[in-house]
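Good morning, and thank you for coming.

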Amino acid sequence: MNLQIKQEDHENTHHLHIAGEIDAYTAPQLREALLPLTGKEGHETLVHLGDVNYMDSTGLGVFVGALKSSKEHGSSIKLTGMTSRVQRLFEITGLDEVIDIEDVKGGSK
Amino acid sequence: MDDRDLQYQKYKSILENYLQEQSEQTLYKGQQFSRKMIEQKISPEEAVSLHVSVLEELFPDIPQPLKNSYDFLLEMMIGYGFAYREHQSLRSRQQQLESEIEIAANMQQTLLAGDKPDVNGLDIGAISKPAQKMSGDYYHFVQDENNCMSVAIADVIGKGIPAALCMSMIKYTMDSAPEQRMQPGAVLENLNRVVEQNVDPNMFITMFYGLYDPRVHSFYYAGAGHEPGFFYDAEKDEFEELFTKGLVLGVSKKTSYQEYQRVLHGNDMVIMLSDGVTECRSSDGFIERDEIVAMIRKYIHLSAQEIVDEVYRELERLQEFELRDDFTLVILRREV
């Protein structure tokens, strides 16, 4: 199973719509899409995760990297619409306390 | 007759046979012969050259344009020859790398060898299986002079060699601060500082750390974003989640970790695991945490080591014997 990424840009706001599975094989693809956006000062990136049905710790690693990059470059990143399975991963790892997550339970279908 | 002549004669006889009668059997002989040529490292252009010389002997009157075309074909095959030799050298390099990884994996085994300690009144079971040669999972027991035993379970994100190298760093950090061993929260804070400074931004480590004091039958623990384990209350015959709050190691410089405590009565168990256990997928979906609990319950009458072995075997079967993630499961049970 692979990963689809759709990007929409509105001036300084970027939307990434992610669908599929984020694991060791697809994580590099996500990182390539995400990191250039968090590297832009003052820009905001919204990552829509409603159609992500599986994510492993490598996927979490990409968001940790993006978070560090946004802090370093003065940009911001927000995750939204995650399913409860994905949300549980962020909760267990305590990452929900350091990453901005918009609470839309159940995922956007 | 030297090898080359022998080869020539053999090829000639197969080809002659085939020209007389285009049988499957002769074709098959040709295939076998080519396999032998590959074994003897005969390059593609040499094979073509062999064919051409046999043809010239069998048909001395080949028209000149056809002869010229053979020279042309030979020239064409030289490129394939290069590719073939490159493939050969890559293969030998790959073998070399594989044997180096094998050595590294053995070293890791020795380094991380978590000998189960012998603690009075405690039945311990532990299993850890890597998905690949090198493991990113880790468990470690340390016993001190008061018979107290500490146990750590960690999971480095990612697999393979980078994860394994990271694991070694954890081990040395833990070994270098023995005086902290009694305070799970402080152990994790110290590790977090080291990891934060030393790992790639995309990397992090989850860890569960606990300490069992047999004098008071207490288990003190803290967690850094690790998959929660379970606590089995024997009197109530109930499993509950061994929840810990705390951020994974390596993300934020200043993080503190809350410490928890549980008293173990006779037959109570502490169950610790890595997310390879609950993240594993069978043919019809994920293995849910309840299923793990059900498996443990099924084998609860066995010793702690037998339980972890049986659960592993069952999960292996569900995944059709192909582990996708490193797998670690540790059980402590207070004996009656």
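Let me begin with a term: pLDDT is the predictor's confidence in each residue, on a scale from 0 to 100. For chain B, the mean pLDDT is 86, and 92% of the residues of chain B reach 70 or more. Helices (H or I, at least four residues) and strands (E, at least two) are DSSP runs, numbered from the N terminus. Among the elements of chain B, the highest mean pLDDT, 96, belongs to strand 8 (residues 260-263), and the lowest, 54, to strand 10 (residues 281-282). The model as a whole scores ipTM 0.84 and pTM 0.75.

This is a predicted model, in which local features need pLDDT of at least 70 and side-chain atom pairs count only at pLDDT 80 or more, while totals for chains, interfaces and linings use all residues. Residues are numbered from 1 along each chain as its sequence is written, and chains are lettered from A and ligands numbered from 1 in the order in which they are written.

I turn now to chain A. In what order do the five strands of its open sheet lie? The order is 1-2-3-4-5, with mixed pairing; two strands pair if DSSP finds at least two bridges between them. Strand 1 and strand 5 (100-102) of chain A are the edge strands, each pairing on one side only. From one strand to the next, the twist averages 20°. Helix 2 (residues 57-73) of chain A packs on this sheet, where it touches strand 2, strand 3 and strand 4 (76-80). The direction of helix 2 makes about 150° with that of strand 4 of chain A; axes are lines fitted to C-alpha atoms, for helices over the stretch in contact, and angles run from 0 to 180 degrees between N-to-C directions.

Consider next the individual pairings. Strand 1 (residues 3-10) and strand 2 (residues 13-22) of chain A run antiparallel and are joined by eight bridges. L3(A) has G20(A) as its bridge partner, and D9(A) has H14(A). Two residues lie between the strands of this hairpin, and there E11(A) takes a positive phi near 50°. Strand 2 and strand 3 (residues 44-55) of chain A, by contrast, run parallel, with nine bridges; here H17(A) stands opposite H48(A).

Finally, the interface: the contact takes 16 residues from chain A and 19 residues from chain B, two residues being in contact if their C-beta atoms, placed from the backbone, lie within 7 Å.
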